[in-house]
Amino acid sequence: KNYFKNIILSGGTTMFPGFSSRLEKDLRQLYLEKVLRGDRERAREFKCVVDDPPRRQHMVFQGASLLANSHEDSSPWWVSRQEYNEQGAAVVHRLIPTKLS
């Protein structure tokens, strides 16, 4: 229930006009149907807030930049440009072991 109190949209596809209000409306309806089983009295207590910051189209990049700068080269979860150039897309098998690797 607390997850719905602070939803923050990020990324360019969230920039469509009316997206945040539509998402909030749909979440309220789904919660009413699936969780509250149509109990409209309890639905009044349900808090759903969808925040749509004006510069959200850049938030994904900014967050990734901050994360990358905080770890620099110390993490085995990063793929360097040189590593990618040498191995191509197959470099992800080092990050996510599968039966294909």
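## Confidence in the model

pLDDT is the predictor's own confidence in each residue, on a scale from 0 to 100. Across the protein chain it averages 87, and 91% of the residues score at least 70. Confidence is highest in H1, at 95, and lowest in H3, at a mean of 82. The helices named here (H or I, at least four residues) and the strands (E, at least two) are DSSP runs, numbered from the N terminus.

A few ground rules before the tour. This is a predicted model, in which local features need pLDDT of at least 70 and side-chain atom pairs count only at pLDDT 80 or more, while totals for chains, interfaces and linings use all residues. Residues are numbered from 1 along each chain as its sequence is written, and side-chain values use heavy atoms, with hydrogens and water left out.

## An aromatic cluster

Let's start with the rings. Rings of Phe, Tyr and Trp (its six-membered ring) make a pair if their centres lie within 6.5 Å; planes under 30 degrees apart count as stacked, over 60 as edge-to-face, and the rest as tilted. How many aromatic pairs does a search of the whole structure find? The search turns up three. One of them is Phe4 with Tyr31, an edge-to-face pair at 5.6 Å centre to centre, with 70 degrees between the planes. This pair links distant parts of the chain, 27 residues apart: Phe4 sits in the segment before strand S1 (7–8) and Tyr31 in helix H1 (residues 19–35).

Phe4 also pairs edge-to-face with Phe46, at 5.2 Å centre to centre and 70 degrees between the planes. Phe46 lies in the loop between helix H2 (40–43) and S2, and Phe4 in the segment before S1, so this pair ties together parts that are 42 residues apart in sequence. Phe4, Tyr31 and Phe46 form one aromatic cluster.

How open are these residues? Buried means under 20% relative accessible area, exposed means over 50%, and partly exposed is in between (1.4 Å probe, protein chains only). Phe46 is buried at 5%, and Tyr31 counts as buried too, at 12%. Phe4 is partly exposed, with a relative accessible area of 21%.

## A buried arginine

Arg56 sits in the loop between strand S2 (50–51) and helix H3 (59–71). A salt bridge needs a side-chain nitrogen of Lys or Arg within 4 Å of a carboxyl oxygen of Asp or Glu.

The Arg56 side chain does reach the backbone oxygen of Thr14, at 3.0 Å. Arg56 also touches Leu9, Ser10, Gly11, Thr14 and Met15, leaving out residues up to four places away in sequence; contact here means heavy atoms within 4.5 Å.

## Salt bridges

Side chains of opposite charge can pair when their charged atoms come close. The count here comes to four salt bridges. One of them joins Arg22 and Asp26, whose closest N and O atoms are 2.9 Å apart. Both residues lie in helix H1, four residues apart, about one turn of the helix. Arg22 counts as exposed at 52% relative accessibility, whereas Asp26 is partly exposed at 29%.

Glu41 bridges to Arg44, with the closest N and O atoms 3.3 Å apart, and Arg44 is exposed at 64%. Another salt bridge brings together the side chains of Glu83 and Arg94 (2.8 Å, N to O). That one links distant parts of the chain, eleven residues apart, with Glu83 in helix H4 (residues 81–87) and Arg94 in helix H5 (residues 92–95). Glu83 is buried, with a relative accessible area of 17%, and Arg94 counts as partly exposed at 38%.

## Two more residues to look up

Ala43 belongs to helix H2 and is partly exposed, at 23% relative accessibility. Leaving aside neighbours within four places in sequence, Ala43 is in contact with Leu32 and Leu36. The C-alpha atoms of Ala43 and Glu24 are separated by 13 Å, with the two residues 19 apart along the chain.

Asn2 is in the segment before S1 and is exposed, with a relative accessible area of 58%. From Asn2 to Ser70, 68 residues apart along the chain, the C-alpha atoms are separated by 29 Å.

Terms used: Polar contact = N/O pair within 3.5 Å; in protein donor to acceptor, adjacent residues only side chain to side chain.
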